[in-house]
Amino acid sequence: MRPLTAEETETFFKKLAHFIGQNIKLLIERPDEPYVFRLHDNRVFYVSEKMLKLAISAGRDELISFGTCFGKFTKSGKFRLHITALDYLAQYALYKVWVKPSAEMSFMYGNHVLKGGLGRITDNTPKNIGVVVYSMSDVPLGFGTTARSTVE
C-alpha cells in the first residue's frame, strides 16, 4: 500500500471530477477526520488515517482490502470506477438522473436508460458528463455518462 504517484493522482482525479467536479476537496478535507487515497494491488482505496495506521501493521500479502475501493488502474494506465464508490459519488454528484420504476430493472441489467425511462434530470446537464442514476425514491442505482444534454 502506497500513496498515489503524481501521474496516478492526475488520472484518478480527472475521472472523479467527471462525476463530482470540484467536490473532490470535500472528500479529502472532511470535518470529522482526515481521509486519504491509497493504492494497493492497482486498486485505489479511500480510507481514514486512523484505519490506515491499523492496516499498515498487516503484511502486504495478507492485506486484501481496507477502506472503500474507488476503482482500479488497468494495465494500460486508465482508471475504472467501481460500484463500491457509489455512496460517495451519490453524496457529492453534480448531475443526477432519476429513472422511472419501469426502467429501473432494465438499467440494473446493464441496458441504457432511454428517454422514455427518465423521470427527472438535473437542470443544465451537459452532454458526455458523468451522472449518478437514482430510482424515483432517491436510492442510488449506479452511474454513467449522458448521451445528450438537457437542452437537446
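1. **A histidine to begin with.** His 40 has its place in strand E2; helices (H or I, at least four residues) and strands (E, at least two) are DSSP runs, numbered from the N terminus. With a relative accessible area of 2%, His 40 is buried; buried means under 20% relative accessible area, exposed over 50% and partly exposed in between, with a 1.4 Å probe and protein chains only. Its side chain makes a polar contact with the side chain of Asp 41, at 3.5 Å. A polar contact is a pair of N or O atoms within 3.5 Å; within protein, one must be able to donate a hydrogen and the other to accept it, and residues adjacent in sequence count only if both atoms are side-chain atoms. Leaving aside residues up to four places away in sequence, His 40 touches Met 1, Phe 45, Arg 60, Leu 63, Ile 64 and Phe 66, where contact means heavy atoms within 4.5 Å.

2. **What kind of model this is.** Please keep in mind that this is a predicted model, in which local features need pLDDT of at least 70 and side-chain atom pairs count only at pLDDT 80 or more, while totals for chains, interfaces and linings use all residues. Residues are numbered from 1 along each chain as its sequence is written, and side-chain values use heavy atoms, with hydrogens and water left out.

3. **The chain as a whole.** The secondary structure comes to five helices and nine strands, running β-α-α-β-β-α-β-β-α-β-α-β-β-β from the N terminus on. Of the 152 residues, 38% count as buried. The C-alpha atoms fill a box of roughly 50 × 35 × 25 Å along the principal axes. Among contacts with a separation of 6 or more, 54% come from residues 24 or more positions apart.

4. **The largest core.** A nonpolar core is a set of buried Ala, Val, Leu, Ile, Met, Phe, Trp, Tyr and Cys residues joined through side-chain atoms within 4.5 Å. The largest one here has 26 residues, and Phe 12, Leu 16, Ile 20, Leu 27, Phe 37, Val 44 and Phe 70 touch the most other members. Elements that each supply at least two residues of this core include helix H1 (6–20), strand E3 (43–48) and strand E8 (130–135). The largest share, five residues, comes from H4.

5. **Aromatic pairs.** How many aromatic pairs does a search of the whole structure find? There are 15, with rings of Phe, Tyr and Trp (its six-membered ring) paired if their centres lie within 6.5 Å; planes under 30 degrees apart count as stacked, over 60 as edge-to-face and the rest as tilted. The rings of Phe 12 and Phe 70 have centres 6.2 Å apart and planes at 75°, so this pair is edge-to-face. Phe 12 lies in helix H1 and Phe 70 in strand E4, so the pair ties together parts that are 58 residues apart in sequence. Phe 12 and Phe 70 are buried.

6. **A tyrosine pair.** Tyr 46 and Tyr 88 have ring centres 5.0 Å apart and planes at 75°, so they too are edge-to-face. This pair links strand E3 with helix H4, 42 residues apart. Tyr 46 counts as buried at 1% relative accessibility, and Tyr 88 counts as buried at 17%. Both tyrosines belong to one aromatic cluster, whose members include Phe 13, Tyr 35 and Phe 73.

7. **The open sheet.** Four strands form an open sheet with mixed pairing, in the order E7-E6-E8-E9; two strands pair if DSSP finds at least two bridges between them. Strands E7 (118–121) and E9 (140–145) stand at the edges with a single partner strand each, so one side of each is left without a neighbour in the sheet. The twist averages 25° from one strand to the next. E6 (residues 96–99) and E7 pair in the antiparallel sense over three bridges, and the bridge partner of Val 99 in E7 is Leu 118. Helix H5 (residues 101–108) packs on the sheet, touching E6, E8 and E9, and its direction makes about 70° with that of E9; axes are lines fitted to C-alpha atoms, for helices over the stretch in contact, and angles run from 0 to 180 degrees between N-to-C directions.
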